[in-house]
Amino acid sequence: MIEVWRVDVRHVVDDFTGLLSPDEAERAGRFRFEPDRRSFVTTRGILRTLVGAWLGVAPEAVAFGYGSAGKPEVEGVSFNASHAGGVALIALGSGRIGVDVESMRPDVEMRSLARRFFTRSENQALDRLPDEELALGFYGCWTCKEAFVKAVGEGLSFELDRVEVAVHPAPPGIVSVDGDEGAAAAWTLQAVEVGPGYAAAVVVDSPGAEVVVRDWPASAAA
């Protein structure tokens with residue numbers, strides 16, 4: 001089972017600063033704007049709380065390592081986190097997991113970015129959408145791809161057009177990986193409902209994986 005926790009950072013009143021490691025605290029101090037700093041501290045603090053509960057240790061005792069692509073990791077559980085516009089998602093479970101959430105900004109040059117990063121079939125699907133549904137198609141596609149790339153764990157070296165996904169109004173799903181439709185069957189992809197103005201997705205390297213979405217209050221992790 002994969003747990004996906006939805007967090008509205010703007011409404012979390014707990015201060016998680018005391019849970020952070022020295023390097024995390026130093027990183028938090030580098031944020032220029034207070035909302036960004038608070039979002040990082042809250043997301044990392046809740047991540048520590050959830051991982052600690054999973055492993056049966058105190059949140060501040062969780063020792064993160066970092067993979068070759070800079071992705072945090074700890075033995076005994078897989079996890080991934082993403083945040084945008086005051087909303088965070090944290091996914092935990094086993095196997096390779098990726099999660100992505102994006103704020104659907106209308107000022108983004110969506111068609112231009114799609115031409116650059118999406119496959120030919122994905123662009124053709126976007127071109128068939130009316131203007132009022134373009135954001136749903138673009139951001140739905142983008143979050144699915146980003147979640148997959150994060151699950152693979154190769155960072156920016158894995159180009160977005162190597163994975164092809166279904167485009168709105170089709171149900172979310174992976175169509176092919178490096179042109180191989182068979183490889184897509186090894187993964188589970190699911191859209192995550194976050195709220196108006198957001199798109200989000202979670203990916204795990206297990207076919208038919210059960211994904212459970214929960215809303216954070218701190219007491220739920222107890």
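Predicted model: local features only at pLDDT ≥ 70, side-chain atom pairs only at ≥ 80, totals over all residues.

Student: What is the mean pLDDT of the protein?

Tutor: The term pLDDT denotes the predictor's confidence in each residue, from 0 to 100. The mean for this protein is 93, and 98% of its residues reach 70 or more. Over residues 218–222, however, pLDDT stays under 50, and the model has seven contacts beyond four places in sequence for them; a contact means heavy atoms within 4.5 Å.

Student: Why is threonine 43 called buried?

Tutor: Buried means under 20% relative accessible area, exposed means over 50%, and partly exposed lies in between (1.4 Å probe, protein chains only). Threonine 43 has 6% relative accessibility, and therefore counts as buried. This residue is found in helix α2; helices (H or I, at least four residues) and strands (E, at least two) are DSSP runs, numbered from the N terminus. Leaving aside neighbours within four places in sequence, threonine 43 is in contact with Val9, Ala81, His83, Ala88 and Ile90.

Student: Is phenylalanine 158 buried or exposed, and how do you know?

Tutor: Its relative accessible area is 6%, so phenylalanine 158 is buried. The residue is found in the loop between α5 and β7. Not counting residues up to four places away in sequence, phenylalanine 158 touches Phe148, Val149, Val152 and Val163.

Student: What makes a group of residues a nonpolar core?

Tutor: Such a core is a set of buried Ala, Val, Leu, Ile, Met, Phe, Trp, Tyr and Cys residues joined through side-chain atoms within 4.5 Å. The largest one here has 31 residues, of which Phe148, Ile174 and Val203 touch the most other members. Helices α3 (110–117), α4 (120–127) and α5 (134–152) are among the elements that each supply at least two residues of this core, as are strands β7 (163–165), β8 (174–177) and β10 (198–204). Helix α5 gives the most, with 11 residues. A second, separate core of 23 residues includes Phe16, Leu19, Val41 and Val51.

Student: Which residues form a nonpolar patch on the surface, and what makes it a patch?

Tutor: Patches are made of residues with over 30% relative accessible area and no salt bridge; like charges are joined within 9 Å, and nonpolar side chains (Val, Leu, Ile, Met, Phe, Trp, Tyr) within 5 Å. Trp54, Leu55 and Val57 form the patch, with about 230 Å² of accessible area together. Accessible areas come from the Shrake-Rupley method with a 1.4 Å probe, and for residues only the protein chains shown count as cover. Leucine 55, in helix α2 (residues 34–55), has a relative accessible area of 31% and is therefore partly exposed.

Student: How do you know that aspartate 215 forms a salt bridge with arginine 6?

Tutor: A salt bridge is a side-chain nitrogen of Lys or Arg within 4 Å of a carboxyl oxygen of Asp or Glu. The closest N and O atoms of aspartate 215 and arginine 6 are 2.8 Å apart, and the pair meets that definition. Aspartate 215 lies in strand β11 (residues 211–215) and arginine 6 in strand β1 (residues 2–8), so the pair ties together parts that are 209 residues apart in sequence. A search of the whole structure finds 14 salt bridges.

How values were computed: Residues numbered from 1 in each chain as written. Heavy atoms only, no water.
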